[in-house]
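Reader: I am new to this structure and would like to learn how to read it. Could you take me through a few features, one at a time?

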Amino acid sequence: MLGDDIDTDVIYPARYLTVLDWTEQAQHVFEALGPQMQSKVREASVVAAGWNLGCGSSREHAVTGLLGAGVRLVVAKSFARIFFRNAINNGLAVIESPALVDALAEGDELAVDLTAGEATCRSGTLQFAPLPPFLLGILRQGGLWASVRGPGVAAGERQ
Amino acid sequence: MTHTTQALSFQGRVWTLGDNIDTDMILPGRFLYAIDKQALRQALFEGLDPLFAAKLRDGDIVVAGRNFGCGSARPAAAAMRMAGVCCVVAQSFSRTFLRGAIDSGVPVLECDVVDRVRDGDMIRVDVAGATVSLADGSVLPGNPYPSFVLDILRIGGILPYTRQQLAVSAG
Amino acid sequence: MGKTIAEKILARHANCPAVAPGDYVTADVDMVVLSEGLSLVLEDFRSLGRGRVFDPERLIVSPCQTTPSKDLSAAFHSLRTRQFVQEQGIRNYFEIGRGGIMHLVTAENGFALPGEILVGSDSHTCTNGALGALCVSLGLGFAPTLATGQTWFKVPHTARVVVEGAARPWVGAKDVMLHLLAEKGSDGFLYQSIEFYGSFVRDAPMSERFVLCNMAVEAGAKTGIVPPDEKTLAYLHGRAKRPFEVVTSDPDADFISEVLIDVAALEPLVALPDNPANGVPISQVGHVAIDQVFIGSCSNGRIEDLRICASILEGRQVHPRVRVVLMPGSHSVYTQAAREGLLATFAAAGVSVGPAGCGACAGFNVGVLGDGERAISTANRNFKGRMGPPSSQVYLANPAVAAASAVAGHILSPADL
Amino acid sequence: MSGRTMAEKIFSRMAGREVRAGEFVEVSPDWTFSLDDGIGLIEKYLAAHGVTTLAHPERIVLFYDHYAPADTPLHGTIHRNGRLFARRHGIFRLHDVGDGISHQVATETGLVQPGQVVVNTDSHTMTIGATGALGMGIGASEMAFLMATGKLWFRVPTTLKVNLTGSLAPWATAKDAILSLIRTLTARGATYRIVEFGGEGLGRLDMASRMTLCNMATELGAKSSLIEPDACTAAHFAALGRTELPTLVRPDSDCRYDAIHPLDLSSVQPMVARPHRVDNVVAASELHDVAIHQAFLGTCTNGRYEDLVVAAGILKGRRLAPGVRMIVTPASREVYRRAIRSGVLEILADAGCTVTTAGCGACAGMHQGALGDQEVCISSSSRNFLGRMGNRNALVYLGSPATVSASAVTGRITDPRELTTH
């Protein structure tokens with residue numbers, strides 16, 4: 001569980017921007033918050049946060065580092081725009097729901113149906129506004145690149 | 001004030017190097033101010049051969065040609081010892097490297113023997129006696145040191161040596 | 001039997017009547033010149049149990065190798081240096097924006113004086129031998145000297161290098177040293193002190209004398225010295241921090257060797273990768289395309305060097321495929337360059353001017369090369385991996401050749417521009 | 001149907017049909033910018049997907065501004081690979097080491113025209129909104145996708161209007177104005193939305209001040225920011241020899257804004273953002289004994305010529321406080337050139353400032369200017385998050401060029417009016 005306005009400098013320090021491999025990036029996620037938080041994120045598959053998660057710089061490592069650490073879903077009261085966009089484009093599921101965040105506690109089990117907009121955790125089942133179909137489509141295929149039919153197919157390439 | 005002293009004769013496996021091995025080759029500049037020295041171990045001799053450092057084992061002896069350690073006054077001798085090298089023999093050392101080796105207590109000896117050995121040979125180096133004994137039994141003379149330099153090397157470098165001197169003068 | 005400058009200075013500082021080459025002596029030092037490298041030996045210094053440095057007035061500290069701190073490690077060492085300076089009450093501290101390369105700051109502020117012994121960690125401490133001092137690098141073993149104000153020396157042999165004649169256009173002290181290195185090799189003067197004589201030296205401005213002594217270490221020498229003359233005294237007038245006594249070699253002093261160089265015969269030289277002793281006349285270099293030009297360092301980062309570069313870059317543009325990284329040797333050089341309009345010329349030509357300091361010379365700071373890239377540099381070393389990864393290559397040359405090559409995109413003499 | 005906002009008009013032009021806030025569109029941006037801190041990842045994605053030709057290379061511009069000149073062998077190699085990439089694909093232009101920050105270069109050269117859409121791997125891309133162009137930041141994998149396919153999805157945003165009135169008092173700057181707005185609206189005051197600056201007060205702000213306002217709208221969470229083109233916009237492009245501009249995009253008088261926030265410029269006073277949040281803002285005069293070790297003047301927020309002139313006005317004839325170092329990083333080569341020609345640079349150098357190569361400098365702790373443990377820096381940049389300038393044990397305060405310079409002279413965070421009244 002994280003607070004409000006968690007920025008991308010806290011999520012992923014700039015000096016490791018040259019690290020391209022997701023699992024290697026995972027070692028630096030939340031480095032600014034100290035080793036205790038870093039180990040917690042490695043065990044979790046869901047990260048919850050308050051308002052404006054991921055504000056600040058557009059570094060994509062903040063998202064891919066979480067994926068490298070095994071996180072599959074991020075729930076927040078609200079997302080910073082570029083973090084939200086990077087998450088969808090890389091296949092990291094996101095739910096924007098203040099109510100759901102308030103209902104969660106660290107260590108909870110959570111089951112979600114993104115399309116239906118339904119989440120069940122220890123304190124019961126909650127509804128949330130599902131993402132628009134266009135974005136769900138990208139998420140379902142695992143991100144922007146995966147949504148392109150196979151490698152090498154690019155609009156610019158003359159068949 | 002007891003000081004652990006080190007003997008100044010060594011038996012070890014040889015690695016031969018050529019002339020003018022400079023300290024940029026031995027210890028890349030980016031490590032001098034790096035706090036995390038761990039990555040230095042693999043990057044030793046990167047400029048010469050990136051795979052060389054991995055071959056070094058504790059107690060190995062490097063034997064080189066002329067002007068070993070020329071260039072910057074960075075602590076190349078201490079870095080080589082960290083990689084397991086117990087002694088360096090060269091036809092000649094650069095001035096800053098020789099001083100750096102003595103000051104950091106790394107036994108080195110000037111002796112023209114590089115053309116008489118091959119990688120993997122076992123040799124014995126007696127720094128105090130300034131001799132190198134080869135596997136074939138021949139003994140070659142090197143450049144002897146004055147006694148106070150041997151004292152510095154024996155006690156492990158200029159720091160322990162100065163502590164001893166300061167204690168003596170204070171006592 | 002006459003004595004050389006090194007022998008006289010060492011004898012006086014070891015208070016014994018005379019010393020001979022090969023003797024080992026313990027001598028007092030007059031000045032310790034340091035950068036943020038001071039921080040690299042703090043644990044060593046503390047381990048000596050002496051809380052105080054021998055004399056705070058005899059230390060000069062000017063951070064210049066990794067400044068403005070380029071990463072966390074650099075910031076760590078710069079901070080520890082500042083804290084130690086405050087703790088010890090060291091007044092001769094030159095923060096960035098006031099200092100620059102330690103060797104230039106030492107000379108500019110009158111801390112290097114004839115007849116004195118000046119030591120430091122950096123291998124180019126010998127630069128200030130141009131002021132008649134015995135300047136010797138101690139590497140990172142200088143912690144004991146911080147505590148005791150003394151250190152051990154092996155008395156060196158002394159060689160005479162006589163440089164006669166008038167240099168052709170675009171030829172200078174850098175080329176004299178590249179020639180000397182090509183002739184004698186990088187261990188030509190191993191352990192020796194070099195004394196520079198001859199009409200070229202007599203007529204040369206101080207900046208050229210600093211270059212001669214700066215690169216003595218590349219030839220294996222312990223140090224280089226230019227015997228003080230009226231030009232030295234004029235330079236020191238109004239600068240010298242203490243009274244000093246000129247020391248020169250006796251006419252019958254025993255020199256181990258003498259080398260004569262006729263400057264008039266020299267054309268600009270370029271040292272090919274990966275050794276400063278690989279110098280060849282520029283006419284034999286052939287077509288070598290370059291990616292970066294570095295102008296600066298304690299060899300050629302003075303105002304005189306920047307003036308030469310500006311005269312060539314005036315009204316011209318840097319080649320589109322080339323980037324020029326220029327770091328003035330000290331902040332006073334930077335400010336002087338601004339006053340003289342040199343920075344305006346550099347900016348117009350497309351040169352990137354960085355803050356005073358060692359800059360790109362040794363890969364510690366910025367201006368690092370990429371894989372397989374080639375640079376021409378006015379610094380003093382081009383060993384493999386010096387300015388970047390082992391696959392990158394560095395050519396050494398004087399400032400005029402560096403500036404001309406920046407315009408041409410390949411190594412070129414200004415005479416052919 | 002009510003009128004359309006600037007953003008709705010720009011997205012409609014790009015989509016080739018009339019679109020409204022909330023709709024999704026696929027657009028081909030007019031310009032695709034990439035930087036040296038992103039090109040490595042972009043090439044990895046292109047290679048991983050076997051992409052060999054790019055959709056619109058003639059719209060791609062590379063800028064080296066985060067690691068320029070390179071500070072490690074790896075960054076040097078990333079720069080080299082970027083040069084080969086540019087040559088191989090025939091991209092429009094590569095701004096190499098020393099040219100400066102992408103947003104500054106794109107604006108001062110007139111490369112970006114009003115009404116155009118620019119996408120860049122940097123969250124401060126919206127700085128160009130000062131000229132009426134729409135700039136948006138995206139991630140590197142997405143940038144690779146755009147380079148390969150030439151198209152990208154966007155949701156048309158709603159707009160929040162900031163109505164500027166009055167005019168700035170002496171020593172109060174656009175930076176102080178945007179800091180006070182961020183204090184009121186907080187760091188999530190404009191999430192996902194466009195911030196459009198307008199009102200009668202706008203006419204008295206120069207292009208540099210407008211760029212500072214648009215630049216820091218990102219700290220409100222904005223998707224982008226825009227300023228309605230006016231005489232100042234036309235003068236900016238005329239000075240660059242571009243008299244004929246495309247039809248200027250203006251908001252319809254009856255368009256719908258989410259909200260309209262007044263900002264009275266005449267009530268603005270020097271402000272400071274305290275660690276570690278950009279909306280943790282107080283008046284500079286409220287801070288009394290915050291000693292500083294480093295002052296940093298630069299970045300796409302406040303590294304322009306006008307900002308260096310403000311600094312010179314305070315530093316002229318003065319010296320930095322002992323124990324304080326001041327780093328000045330011009331936002332571009334052109335800024336550096338103007339500072340030299342006008343003598344401003346000499347004043348800064350004489351005062352003891354360290355001037356580094358044009359670029360982002362110390363802003364994100366990725367280049368010269370990193371801080372030691374427990375050190376305090378007053379910076380003219382836009383972010384002071386924990387560890388932002390490289391060290392999580394250091395403290396970063398944000399202020400205007402005037403506050404930064406005044407603090408460098410006194411050695412503690414100082415309201416510039418303190419130095420300039422007596």
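Reader: How many residues of domain 1 of chain D are in contact with domain 2 of chain D?

Author: Two residues are in contact if their C-beta atoms, placed from the backbone, lie within 7 Å. In this predicted model, 34 residues of domain 1 of chain D touch 29 residues of domain 2 of chain D. On the domain 1 side, α4 (102-108), α6 (174-185) and α7 (207-216) of chain D each supply at least two residues. The largest share, 6 residues, comes from α6(D). By class, that side has 12 nonpolar, 12 polar and 10 charged residues; Ala, Val, Leu, Ile, Met, Phe, Trp, Tyr, Cys and Pro count as nonpolar, Asp, Glu, Lys and Arg as charged, and the others, Gly among them, as polar.

Reader: Where do the domains and these labels come from?

Author: Domain bounds come from an automatic or database domain assignment, which gives domain 1 (6-265) and domain 2 (273-421) for chain D. Helices (H or I, at least four residues) and strands (E, at least two) are DSSP runs, numbered from the N terminus. Residues are numbered from 1 along each chain as its sequence is written, and chains are lettered from A and ligands numbered from 1 in the order in which they are written. As the model is predicted, local features need pLDDT of at least 70 and side-chain atom pairs count only at pLDDT 80 or more, while totals for chains, interfaces and linings use all residues.

Reader: How do I read two packed helices?

Author: Two packed helices are described by the angle between their axes and the distance between the axes. Here α13 (residues 342-349) of chain C and α11 (residues 333-341) of chain D pack at about 155°, with axes 9 Å apart. That makes α13(C) roughly antiparallel to α11(D) (an angle over 145 degrees, on a scale from 0 to 180 degrees between N-to-C directions, with axes fitted to C-alpha atoms over the stretch in contact). Leu343(C), Ala344(C), Ala347(C) and Ala348(C) meet residues of α11(D), including Tyr336(D) and Ile340(D).

Reader: Is Arg302(C) buried or exposed?

Author: A residue is buried if 20 or more other C-beta atoms lie within 10 Å of its own, exposed if 12 or fewer, and partly exposed in between. Arg302(C) is buried, because 27 other C-beta atoms lie within 10 Å. Arg302(C) sits in the loop between α10 (297-300) and α11 (303-313) of chain C. Not counting residues up to four places away in sequence, Arg302(C) touches Leu104(C), Ser207(C), Gly329(C) and Val333(C).

Note on methods
Angles under 35 degrees count as roughly parallel, over 145 as roughly antiparallel, 65 to 115 as roughly perpendicular and the rest as oblique.
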